[in-house]
Amino acid sequence: MNEAAHTPVLLAEVVAALAPAPGKLIVDGTFGAGGYSRAFLQAGARVVAFDRDPVARRYVSAIGGADQFRMVEDRFSTMAEAVGERQVDGVALDLGVSSMQLDEAERGFSFMRDGPLDMRMGADGPTAANLVNTAPPAELARIFRVFGEEAQGRRIAAAINRRRAEQPFARTLDLADFVERVLGGRRGAKVHPATRVFQALRIAVNAELDELEQGLLAAERVLKAGGRLAVVTFHSLEDRIVKAFLAERSGKTPNVSRHAPPAAKGAAPSFELLFNGPKGPGEAELAANPRARSAKLRAAVRTAAPAWAAAA
């Protein structure tokens, strides 16, 4: 097994941000192979971990500290129901697809190895193949544009619509090669032409951005005053959501214009930023794990103010 695949990115930075210690309760919202949970337990904290991927259970037995650890096989957005409100000292969220999922061809997350076009993080719901083969072209184009930031989304969707009428897509390499041909080949590009399409499909299949938004609201509810939130993102869509949430909840949202009247006073800030801006991996971590290059950590401390009311 590749050690880098089982070491979560920004581990030292996340541990420093959450400050786990004896007597503290930490929620590991994205258990994966248990790297964060193991570190929190080693610091003496109790841990409740979440993961909707049934494959994650294979790593639970290696965690140890059974009396201090509980696994919940569900989405992290359900944490409030599992642990209660204002009970938690820290919440860690490590977003996106894990290295183990990418490396397992049968999961269908990557075009580096041929596998079924699946991409589900859980065990239920429609697959990426279902989406590619049945969604209207306009919906596919929207998915590619919004979730993949793919400028050629409409062109790719139209080509997929023509091809699937004769031969549905079932394998990762088939779709990747097809997208590459539609876009005219690599032309010396370092990034594969299908990268944005695969990202978009994965996000859509797993409703990842909705899950993130609901998870942030849940973290706001479960953290006690002084509790800490640490979120690691891997692409701009995730990071923008986390940045906007923490800016709003910490009262950092600027007025649209200096000429506009002051906004009406809203809810009291529910978070204070632990540090300004995101933190990224250092050179040593990048050398050991190149996949960490896009990782960004944002962190904040929960205030004593009530959780904000959910937007209508």
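Visitor: Is phenylalanine 31 buried or exposed?
Guide: In this predicted model, phenylalanine 31 has a relative accessibility of 3%. Residues under 20% relative accessible area are classed as buried, and phenylalanine 31 therefore counts as buried.

Visitor: Which kind of pair do the rings of phenylalanine 31 and phenylalanine 69 form?
Guide: Four aromatic pairs are counted, and in this one the ring centres of phenylalanine 31 and phenylalanine 69 are 5.8 Å apart. It links distant parts of the chain, with phenylalanine 31 in the loop between strand E1 and helix H2 and phenylalanine 69 in strand E3, 38 residues apart. Phenylalanine 69 is buried, at a relative accessible area of 12%. The planes of the two rings stand at 45°, so the pair is tilted.

Visitor: Which kind of pair do tyrosine 36 and phenylalanine 40 form?
Guide: Both residues lie in helix H2, four residues apart, which is about one turn of the helix. Tyrosine 36 is buried with a relative accessible area of 2%, and phenylalanine 40 counts as buried at 0%. Their ring centres are 6.2 Å apart and their planes lie at 10°, so the pair is stacked.

Visitor: How are helices H10 and H11 oriented to each other?
Guide: Helix H10, residues 208-222, packs with helix H11, residues 236-249, with the axes 10 Å apart and at an angle of about 25°. Angles under 35 degrees count as roughly parallel, and H10 and H11 are therefore roughly parallel.

Visitor: Which helices do the buried residues of H8 pack against?
Guide: The buried residues of helix H8, residues 172-182, include Leu175, Phe178 and Val179. These buried residues of H8 pack against helices H5, H7 and H9.

Conventions:
Residues numbered from 1 in each chain as written. Predicted model: local features only at pLDDT ≥ 70, side-chain atom pairs only at ≥ 80, totals over all residues. Heavy atoms only, no water. Axes fitted to C-alpha atoms, helices over the stretch in contact; angles between N-to-C directions. Helix = DSSP H or I, 4+ residues; strand = E, 2+ residues; numbered from the N terminus. Parallel < 35°, antiparallel > 145°, perpendicular 65-115°, else oblique. Buried < 20%, exposed > 50% of the residue type's maximum accessible area, 1.4 Å probe, protein only. Contact = heavy atoms within 4.5 Å. Phe/Tyr/Trp six-rings, centres within 6.5 Å; stacked < 30°, edge-to-face > 60°.
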